[in-house]
Amino acid sequence: MRHALALARAVLYTTSPNPRVGCVIVRDGRVIGEGATQPPGGPHAEVMALRAAAAAGETVAGATVYVTLEPCSHHGRTPPCVDALVAAAPARVVVAMGDPNPRVNGAGYARLRAAGIEVCTGVGEAEALELNAGFVARMSRGTPWAWMKMAASLDGRSALHNGISQWITGDAARADGHHWRARADLVLTGMGTVTKDDPLLNVRAVETARPPRKAVVDATLSISPQARLFDGTEVLIFTAAPAPGRAAALADRNARVIALPDARGERVDLAAMMRWLGQNEFNEVHVEAGAGLSGALLTAGCIDELLVYLAPVLLGDAAGMVRLPLLEHLEAARRYVFTDMTRVGADVRLRATSDAHWQQLLASVRGVGQAGAQP
């Protein structure tokens, strides 16, 4: 299963909106076939592994198949993987996690068992879920998994009061941040950042054949058509003010304007934006925004994970990372669980996850195929 997870990790940038899946077929301690899910429209991991075994002249009958996600049981862009497995007749299929997709949701397990194939579940579950948190979030709650990337000093400051913030962290940390952009389906920012930094919002320092889409939260639709992020690729503009004339001008820059006003019609309804992204098959969202939008997204419950790069420097009286409402009691503080601390060049990368959000994902995959035999 570790090898299957490594295969899934190797296609981190290419499978969305499909999940990242790896598959390994073993007989008598030998790997006789392996594969990973191909880009959308291509074969899934199980089919790739079965093809590899056939090309090597190996028979899968009686072998053990290790796969990081419950085999699909429905016709999508490709036929059901479970049909191919049943035809190959392995003795046992070991699965890391269930698939909460309503079109699967235990049906893959049921088909295997009905064919007399032993099914064992939950091996490498946490690792498989980490690779596919966005897919599972979209399938189980209807919204993508969103992380917020921030760079700060040791005293939690992200910019000087005059707006200067480039660069608090070093080259290695910035390159590492582009890895997170590359695995996401969308890079999201706000008008404050566009006005101040005129960012490109593209992926650099990482090779990817599937760059993420770009999006801006622009309540008043004031973005300039000359902004650098308009590089020919589609840009999503979420606004509270449709303004057809301005929307038409932006359309010439390949911008798609989506009006999602809140109840007062003054701001973008951020929760509705996340639902829209889920409905449009976005699995993962990478947020790089200023303190205002960052705080608003946190307040609206839209952020699942914090990705913070800390530099070994003190900035003193400077701007903070997020703007949040004043608290009177510590009990009201938003709390997270550290999941990783890694040295990146001269800086440190911290990952902190909302435990409630993570537990909801775990519950959704563990609720699939409860009758599965545990290892």
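**Exercises on a predicted model**

N18 lies in the loop between α1 (2–10) and β1 (22–27), where helices (H or I, at least four residues) and strands (E, at least two) are DSSP runs numbered from the N terminus. The model is predicted, so that local features need pLDDT of at least 70 and side-chain atom pairs count only at pLDDT 80 or more, while totals for chains, interfaces and linings use all residues. Residues are numbered from 1 along each chain as its sequence is written, and side-chain values use heavy atoms, without hydrogens and water.

**Exercise 1.** Determine whether N18 is buried or exposed, and list its contacts.

*Solution.* Buried means under 20% relative accessible area, exposed over 50%, and partly exposed in between (1.4 Å probe, protein chains only). N18 is buried because its relative accessible area is 18%. Contact means heavy atoms within 4.5 Å. Leaving aside neighbours within four places in sequence, N18 contacts P40, H44, R77 and N283.

**Exercise 2.** Classify W167 and R204 by accessibility.

*Solution.* An unreviewed UniProt entry lists both residues under "binding site", together with S165, R181, L201 and E288; UniProt positions follow the numbering used here, feature names are shortened, and annotations may be inferred rather than shown by experiment. W167 sits in the loop between β7 (157–159) and α7 (171–183). Its relative accessibility is 55%, therefore W167 is exposed. R204 sits in the loop between α8 (191–197) and β9 (213–217). Its relative accessible area is 39%, so R204 is partly exposed.
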